[in-house]
Amino acid sequence: MKEMHLTNALKKDFPLFQAHPELVYLDNAATSQKPQVVLDALNTYYTTQNANVHRAVYGLAEQSTLAYEGARARIANHLNAASPQELVFVRGATEGLNLLAWSLSQQLLSSGDIILVTEMEHHANLVPWQQAALRMGAELVAIPLLPDATLDMNFLKTLEADGRAQRVKICAVSTVSNAFGTTHPLSQISSWCKNHGISLVVDGAQSVPHGSWDVQELGADFLVFSGHKVYGPMGSGVVWGKEALWDQLPPWQTGGEMISRVTLTSSTWNSLPHKFEAGTPDVAAAVGLAAAMDWMVAFGLKHIQDREAFLSQKARQILQEVEGLTLIGPQNQKHQLVFSFTLEGVHSHDVAQYLDRDHVAIRSGHHCAQPAMRALQLGSTARASLALYNTEEDLHCLGAALQAAREYFL
Amino acid sequence: MNQLDDLYMEIILDHYKSPRNKANLDHLGDDVLHENPSCGDSVKLDLQLDGENRITQAQFDGHGCAISTASASLMTERLIGMNIAEAQDFLQLFLSVMRGEEEVEKLEAWGDLEVLEGVRKFPMRIKCATLAWHALESRLEALTS
Ligand SMILES: Cc1ncc(COP(=O)(O)O)c(C=O)c1O
């Protein structure tokens, strides 16, 4: 009861829920709503600090630069990065993964090498690698899915047995599947990569929003995430990488800001992290993201995790009680915030449309993970995904609306 | 409730639950498969013509929501008996109505098809309603080229 009171109060921090008091927002895996403090940070930046960064000498430009670099330092601190230089700001996970797919493959791949992904990746962590492989004459290999939407980890043994493990140079995996909510065995993948000298890129789009931040514990070489799923603004995102690795990589985009010396025929590159930030950055987005992460810290990461674990358990319980509902994915994962399901006899689009009438917002379709859907022979699923501000009441609304949807279409 | 019932008219739900002219079209290759990339729904369409280019049989296969299934079902019912030129006019008229360029009354002559009018109030679902029609478009193009 105390907890419920707490989270109901939490929604008051989010102006969108004031504008739509009836809304039961369960599409948090797609994007989260933004607390007032984040909107205030954007407003303060644009109303009192706006100027281009890094170039001009006047006071306002200095303030803007301080705001931008300050945001980088705060986020670096939250992520437990060795230094702010290890963080490159990008537009979101998609841009970050494109950057890495370009620069890492340029640096590490020769013809015949392998990029290892999983069959469960978001298209953003699949297509850039697939295209990099095509460009470099390399091969894309995917760890397959098992019927319960977990990874077939025995596949790594197969790669060792048939000698392909030696050819893997890059491995790119997500922490949590946005399609099915599966948490992948990252520490196992990480040690396997270490043993085989493979660079590991982690797509944290679905775990960073829930407070899994520590890059020292991650066991990866690079981490990518989108700020807009972490209560931050659209257009914000981060790539973290180890400095020694960043240093070796060629830049992705080129232009202003990322250079050191330019002649008509050649250029040298700026120091980290600027080498990877060509052009005018979205300063406000960076400032907003730092404010969002500060806000989470003020709330307490442990508290967030406890609260979400409670919601996760409730959600599973409520969904399991809906007649004709089949949950896709692991059946006993404790901390699961993405629930993918089918409702017997009702197409997921019709489920989502019906729920919209009851102001319950969920997703339907293939969730940008077509290979994974194909592997499980699913055309589409409905997906409810949770965030910190959701309440037990939200979940009861979901359950009741699903029950009613089934009756409507049957 | 009203708006939702405008979308899911009784006739639509009826065609969804018991689609007409739905058949297994596995023998047709994936090159005739039409997909809605935003949701993963797909449809295949098969037309049989007589010696005078009249459609004698129209069948569809695929995975879809109530709207796309009912639309395909209603479409195939109407196609039977049309010649290719008539089918092309019919297709263009339907797509114009869905785009809001033509009055829905124009569909009256085609009976139940009018029930798809409600979809126009749900812009995100227009792609569902037109999926089978885009399959028809490419079938007709193939037949005339
Ligand atoms: C696991 C995962 N990776 C990558 C992305 C891409 O994020 P964005 O669209 O913000 O670039 C998403 C977004 O849905 C995601 O869930």
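1. Ground rules. Residues are numbered from 1 along each chain as its sequence is written, and chains are lettered from A in the order in which they are written. In this predicted model, local features need pLDDT of at least 70, side-chain atom pairs count only at pLDDT 80 or more, and totals for chains, interfaces and linings use all residues, while side-chain values use heavy atoms, with hydrogens and water left out.

2. Chain A as a whole. Chain A has 15 helices and 15 strands; these are DSSP runs numbered from the N terminus, with helices (H or I) of at least four residues and strands (E) of at least two. Its C-alpha atoms fill a box of roughly 70 × 60 × 35 Å along the principal axes. The radius of gyration of chain A is 22 Å, which agrees with the value near 22 Å for a compact globule of 410 residues. That radius is taken over C-alpha atoms, and the globule rule is 2.2 Å times the number of residues to the power 0.38.

3. Burial. Of the 410 residues in chain A, 57% are buried. Buried means under 20% relative accessible area, exposed over 50%, and partly exposed in between (1.4 Å probe, protein chains only).

4. A cis bond to look at. The peptide bond from Leu272(A) to Pro273(A) is cis, with omega near -5 degrees. You will find Pro273(A) in the loop between β10 (267-269) and α11 (283-299) of chain A.

5. Two positive phi values. Glu257(A) is not a glycine, yet its phi is near 75 degrees; this residue sits in the loop between α10 (243-248) and β9 (259-262). Gln377(A), also not a glycine, has a phi of about 55 degrees and lies in the loop between α14 (370-375) and β15 (381-385). Are they buried or exposed? Glu257(A) counts as buried because its relative accessibility is 12%, whereas Gln377(A) is exposed at 74%.

6. A negative patch on chain B. Glu103(B), Glu105(B), Glu108(B) and Glu117(B) gather in a surface patch of negative charge. Such a patch joins like charges within 9 Å, using residues with over 30% relative accessible area and no salt bridge (a side-chain nitrogen of Lys or Arg within 4 Å of a carboxyl oxygen of Asp or Glu). Glu117(B) lies in the loop between α4 (84-98) and α5 (126-144) and, at 35% relative accessibility, is partly exposed.

7. Met9(B) and Leu116(B) are 107 residues apart in sequence, but 8.3 Å apart from C-alpha to C-alpha. Met9(B) lies in the loop between α1 (2-7) and α2 (10-17) of chain B.

Terms used: Patches are made of residues with over 30% relative accessible area and no salt bridge: like charges are joined within 9 Å, nonpolar side chains (Val, Leu, Ile, Met, Phe, Trp, Tyr) within 5 Å. Accessible areas come from the Shrake-Rupley method with a 1.4 Å probe; for residues, only the protein chains shown count as cover. Lys and Arg count as positive and Asp and Glu as negative; His and the chain ends are not counted. The place of a charge is taken as NZ of Lys, CZ of Arg, CG of Asp or CD of Glu.
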